[in-house]
Amino acid sequence: MPTTIRRAVLSLPAAPLGAENPLPSLRTARDVHRLDAAQRKGLPADMARQTGYEPLRSVLPTRRRDHYTRKRVLTDVDAIVVENDRLRATVLPGLGGRVHSLEHKPTGRQLLYANPVLQPAHFALNGAWFSGGIEWNIGATGHTPLSVAPLHAARVPAPGGGEMLRLWEWERLRDLPFQVDLWLPDGSDFLYVGVRIRNPHHRSAPVYWWSNIAVPEEEGSRVLAPAESAWRFGYERSLRRVPVPEWEGADRTYPLNSTHAADFFYDVPGGERRWIASLGADGRGLVQTSTDALRGRKLFVWGSGRGGRRWQEWLTEPGTGGYAEIQAGLARTQLEHVPLEPGGEFAWLEAYGPLAADPAAVHGADWAAARGEAAARLEEVLPRAEVDAAYAAWRPYADAEPAESLHTGSGWGALEAERGHYDLPGTPFAPQTLGEEQEPWLAFLRTGSHPWPVRVLPPPPSLVSPQWRELLETTGGNDLYGAYHLGVARWHAGDRSQAVRAWEGADDLWFVKRCLAFADAEDGHAERAADRYLEAFGDARDDRREGASWTAAMAALGEEAVEALLAAGRADDAAAVLEDLRPGIRERGRFRLLRARVLLALGDAAAAREVFDRGFEVEDLREGDESLGETWYATEERLLAGEGPVTAEIRARARAERLPRQYDFRMRPTS
């Protein structure tokens, strides 16, 4: 069967993503994987340097995706199938180019964990993300903001004849274009993936890439890699070297042997072939290998504890099997960013396919023999030299122009191409992809000012890269929208006082008042922040319009206002803001949790407990967020204390109570 690429439709139960949050994300990136200077001491020099290199300031200019639900309905999802007589890969171009499934046709075996549902959850840097398949993570430590975004897709000529599927986009956190080429050589048991990231700028750029591969977490499944040690990182935020496979009395290469969620970054020695495999009790499963540029290999486990099991259920259907992730990245760990020189590029080739090894050797007590068996079987079915040759054959085709468009991504790449006049062979960002969000910025490029919206809208997207900030600075914020965008760009760059100065010139706009309120809160001016949030919320409420974007804006503004009012000790005002929100917003889980917190602040612990007893789900609960459990325990403490103070004894009694399972998302040891 010759290799084919065809459009398809995948029907899955899916929760709607909802509108983007139009309020700019001014908060400093809350990365649970970040190390401070003290924690970097003692690390290898290159790792220490790269863990401190250009950490993400915020998720700007991307917008947050936090208005999704958990009400799933059968939905038709655009897919592209890449297939030969051995493998069938199903790709979702509208959802980050995710490889949803990879089927080995001769055995009928699904090599990946293919999630039976599409359920967004707050794991991406900007919010919505879903589990399963192979995802392409570019940008900064964490899951890419492109997790649920459309990519450009097209047919292009493949090495050796035939065709391949090209995916490409402009990654906006680091302002870099990238591409992913997927093809199946005739008769091959391996899916080849060529990846290229380019830096068209006159400055170095920090680069992050990890290919995340979800694999079934079955009883007896083992992850193998060519390493005798690993860097373990847990949600208690500590990085330390541990032996492989056994650590603290358990063989951690079996995912079910870990109690809590953790990362194991395998320390693959230089010169060793880069590969990682997940093999079942029968010695069969998936192997991933690559050229040497893709240095890192990792195992992520959810753990067998209550919190990890709860997250697994949260991301899929109850009763379905769990999964682990095996991953491959540019650096040794995901805490690092790698510098890419001006005008330079990173490129490599990956291969994904089935592996069958002797189960007695794979699961034997001799770790060297186990990984040696897997490495030998890999060399038999896909020699290292063959991967290197495939990479060399692909490189001339990386610049091949797309022959037929199969899917359209965003217009942001076209806007950057217009501004920078970049020559990017193989990844065209055509002017016809420019859309409504880019139009005001295109007008700004041509006239130096921002046009007033034709209709009343929440704030339009801001741009914050050094190039756009320089253009904004030259205009001096000569109109209200220009001043607003200039303030956002300055804030992102860390120039907070000048950001406030720009916003103060445009504070007739409610969303500018919100920015000033946020700045006050960040600077410790709790009362002034509370006053400004109340004013911004009142203006937006009075100017309220219909539509999903307005609903998302009011929800985001209401949440921030309630948080600020609670921080200022103004629970009565916080309760009033909650009551002013539309019923559809108030009934969301995030706002039920806020209501419980407001009731606690008002001294009504019994009513707060009733909120929990009635039950709710915080749809956008963030990875590592412990506010749900902490609020439940605070309620217990207040109930036990009655009219008296919460003493250490009462706190200990409350903490001895078992957190209800539906609210237990803890990803670290409770101690």
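The following conversation goes through how several features of this predicted model are named.

Colleague: What rules apply to the numbering and to the values?

Modeller: Residues are numbered from 1 along each chain as its sequence is written, and side-chain values use heavy atoms, with hydrogens and water left out. As this is a predicted model, local features need pLDDT of at least 70 and side-chain atom pairs count only at pLDDT 80 or more, while totals for chains, interfaces and linings use all residues.

Colleague: Why is the pair of F123 and W302 called edge-to-face?

Modeller: The ring centres of F123 and W302 are 5.7 Å apart and the planes stand at 80 degrees, so the pair is edge-to-face. F123 belongs to strand β6 (residues 121-124) and W302 to the loop between β23 (296-301) and α3 (306-315), so the pair ties together parts that are 179 residues apart in sequence. Helices (H or I, at least four residues) and strands (E, at least two) are DSSP runs, numbered from the N terminus. F123 and W302 are both buried.

Colleague: What makes the pair of Y481 and F511 tilted?

Modeller: Y481 and F511 have a distance of 5.9 Å centre to centre and 55 degrees between the planes, which is tilted. Y481 is in helix α10 (residues 480-492) and F511 in helix α12 (residues 510-522), 30 residues apart, and the pair links these distant parts of the chain.

Colleague: Why does Y481 count as buried?

Modeller: Buried means under 20% relative accessible area, exposed over 50%, partly exposed in between (1.4 Å probe, protein chains only). Y481 has 6% relative accessibility, so Y481 counts as buried. F511 is buried as well, because its relative accessible area is 3%.

Colleague: Where is T291, and why is T291 called buried?

Modeller: T291 is in the loop between β22 (284-290) and β23. Its relative accessible area is 6%, so T291 is buried. Contact means heavy atoms within 4.5 Å; leaving aside neighbours within four places in sequence, T291 is in contact with W348, L349, V387, D388 and Y391.

Colleague: What sits over the ring of W412?

Modeller: The charged end of R172 sits there, 3.9 Å from the ring centre. A charge sits over a ring if NZ of Lys or CZ of Arg is within 6 Å of the ring centre and within 35 degrees of the ring normal. R98 likewise lies over the face of F130, at 3.9 Å from the ring centre.

Colleague: How do you know that β3 and β4 pair?

Modeller: Two strands pair if DSSP finds at least two bridges between them. Strand β3 (residues 87-92) and β4 have 6 bridges, in the antiparallel sense, and V91 stands opposite V99 in β4. The two strands form a hairpin with 5 residues between them, and G96 in the turn has a positive phi of about 75 degrees. Strand β4 (residues 98-104) is mostly covered, with 6 of its 7 residues buried.

Colleague: How many bridges join β4 and β5?

Modeller: β4 and strand β5 (residues 109-110) pair in the antiparallel sense over 2 bridges. The bridge partner of E103 in β5 is Q110. This hairpin has 4 residues between the strands, and G108 takes a positive phi near 70 degrees.

Definitions and conventions:
Phe/Tyr/Trp six-rings, centres within 6.5 Å; stacked < 30°, edge-to-face > 60°.
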